Amino acid sequence: MRSVTFVVGSGRSGSTVLSRIVRAHPDVLSLNEFWASVGTRALPGRPVDGAEFWRLVADPHPAFDSMVRSGMPMAEFLHPRAARRDEGAGIPALSLMVLPHLTDDPDGLFEELKGVVVTWPRRTAPEHHEELFDVLCARFGRTAVVERSGYSGHRVPQLHAAFPAAKFVHMFRDGPDCALSMSRHPGFRLILLRREIQARTGAAHADDVLTEEQVRSLPPELAGLLSVPFDPALVLDRPLPVVEFGALWSQIVTEAAAHLGRLPQEQWIPLAYEELLDAPRRQLSRIAAFFGVEPLPQWLDTGCAMLDGSLRGASLRLPPAELAALRRRCAPGTRVLEAAGGPSSAAG
């Protein structure tokens with residue numbers, strides 16, 4: 001029977017390379033950034049027919065589409081048009097990061113899937129997703145599904161409710177190293193700025209549509225992010241203290257640990273990026289068994305070759321005072337991971 005496993009975490013934790021390693025296994029369907037792409041809209045609490053379900057997973061992701069339209073794509077955007085501002089607008093959600101991870105012809109696969117999915121009967125969204133997973137497994141000859149999205153720990157309750165038999169891997173990385181990587185990443189810089197907009201306006205959610213009065217209350221450098229296209233310099237050039245990303249990392253891993261702690265113990269395992277670097281064969285064998293596939297020797301060789309520890313300990317190159325402040329902001333998340341049996345953040 002086909003299994004489903006979700007790899008969740010903070011992002012910037014080594015999970016992208018894990019997706020590439022997982023993709024190399026001949027029995028695993030690696031769904032890269034699936035939930036990041038389709039979002040919570042793809043799990044409505046009512047039955048939908050195939051045509052509506054297809055729209056839910058195919059319509060462009062608003063935030064990602066605005067980034068492409070603004071000339072600020074991320075390395076995670078794999079579709080060839082994403083890097084071309086004038087041609088990248090309106091890339092379907094599935095085509096931006098998911099399908100290019102599976103095939104060199106994402107547009108062809110998109111049309112192939114569309115022809116099948118739109119004919120499906122009315123049923124719950126999880127049932128549609130399970131069928132979509134089955135279709136892709138059959139298409140690529142795989143027996144296990146592993147979905148991995150960055151910045152995804154908050155999705156655990158919704159995913160567990162929709163897929164109660166699914167397993168979870170919580171992937172995390174040394175706090176200061178992860179926070180430093182976040183501070184240099186356009187997506188996480190935008191997340192922090194949108195959280196600032198939310199705090200200043202009192203919006204319930206960072207992606208809420210704001211009133212004219214709320215927009216007027218914002219300083220120009222934040223209000224400018226609400227238009228499409230926006231000036232990428234508002235994100236890339238604005239000074240953002242790395243300690244703020246330490247607080248963000250701490251919040252994300254604390255929330256994820258709390259959610260996972262409520263699941264049956266046999267349904268989730270932790271995976272530290274540093275432990276994957278230190279003992280790749282052992283850790284890859286462990287997660288393969290958890291996925292329900294064999295740790296094939298050739299696959300282990302391939303996975304080991306893909307890992308690069310050169311960025312490990314990057315935060316140690318920060319000025320001592322800045323590193324000390326960053327470690328303090330990461331401390332709550334570090335304590336949570338240590339209590340759950342993860343490695344100390346000081347290990348970096």
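Helices (H or I, at least four residues) and strands (E, at least two) are DSSP runs, numbered from the N terminus.

## Model and overall form

This is a predicted model, in which local features need pLDDT of at least 70 and side-chain atom pairs count only at pLDDT 80 or more, while totals for chains, interfaces and linings use all residues. Residues are numbered from 1 along each chain as its sequence is written, and side-chain values use heavy atoms, with hydrogens and water left out.

The protein has 18 helices and five strands. Its C-alpha atoms fill a box of roughly 55 × 50 × 35 Å along the principal axes. A compact globule of 348 residues would have a radius of gyration near 20 Å, and the value of 20 Å for the protein agrees with this; the radius is taken over C-alpha atoms, and the globule rule is 2.2 Å times the number of residues to the power 0.38. Of the 348 residues, 54% count as buried (buried is under 20% relative accessible area, exposed over 50%, partly exposed in between, with a 1.4 Å probe and protein chains only).

## Negative patch

D104, D105, D107 and E111 gather in a patch of negative charge on the surface. Patches are made of residues with over 30% relative accessible area and no salt bridge, like charges being joined within 9 Å and nonpolar side chains (Val, Leu, Ile, Met, Phe, Trp, Tyr) within 5 Å. Within this group, D105 lies in the loop between α5 (93-96) and α6 (106-117). D105 counts as partly exposed because its relative accessibility is 45%.

## Salt bridges

The structure holds 15 salt bridges, each a side-chain nitrogen of Lys or Arg within 4 Å of a carboxyl oxygen of Asp or Glu. One of them joins R12 and E76, with the closest N and O atoms 3.3 Å apart. This pair links distant parts of the chain, 64 residues apart: R12 is in the loop between β1 (3-9) and α1 (15-23), and E76 is in the loop between α4 (62-69) and α5. R12 is partly exposed at 28% relative accessibility, whereas E76 is buried at 14%.

R238 forms a salt bridge with E196, again with 3.3 Å between the closest N and O atoms. Here R238 sits in the loop between α13 (233-236) and α14 (242-261), and E196 in helix α10 (residues 186-201), 42 residues apart. R238 counts as buried at 18% relative accessibility; E196 is partly exposed at 22%.

Note on methods
Accessible areas come from the Shrake-Rupley method with a 1.4 Å probe; for residues, only the protein chains shown count as cover. Lys and Arg count as positive and Asp and Glu as negative; His and the chain ends are not counted. The place of a charge is taken as NZ of Lys, CZ of Arg, CG of Asp or CD of Glu.
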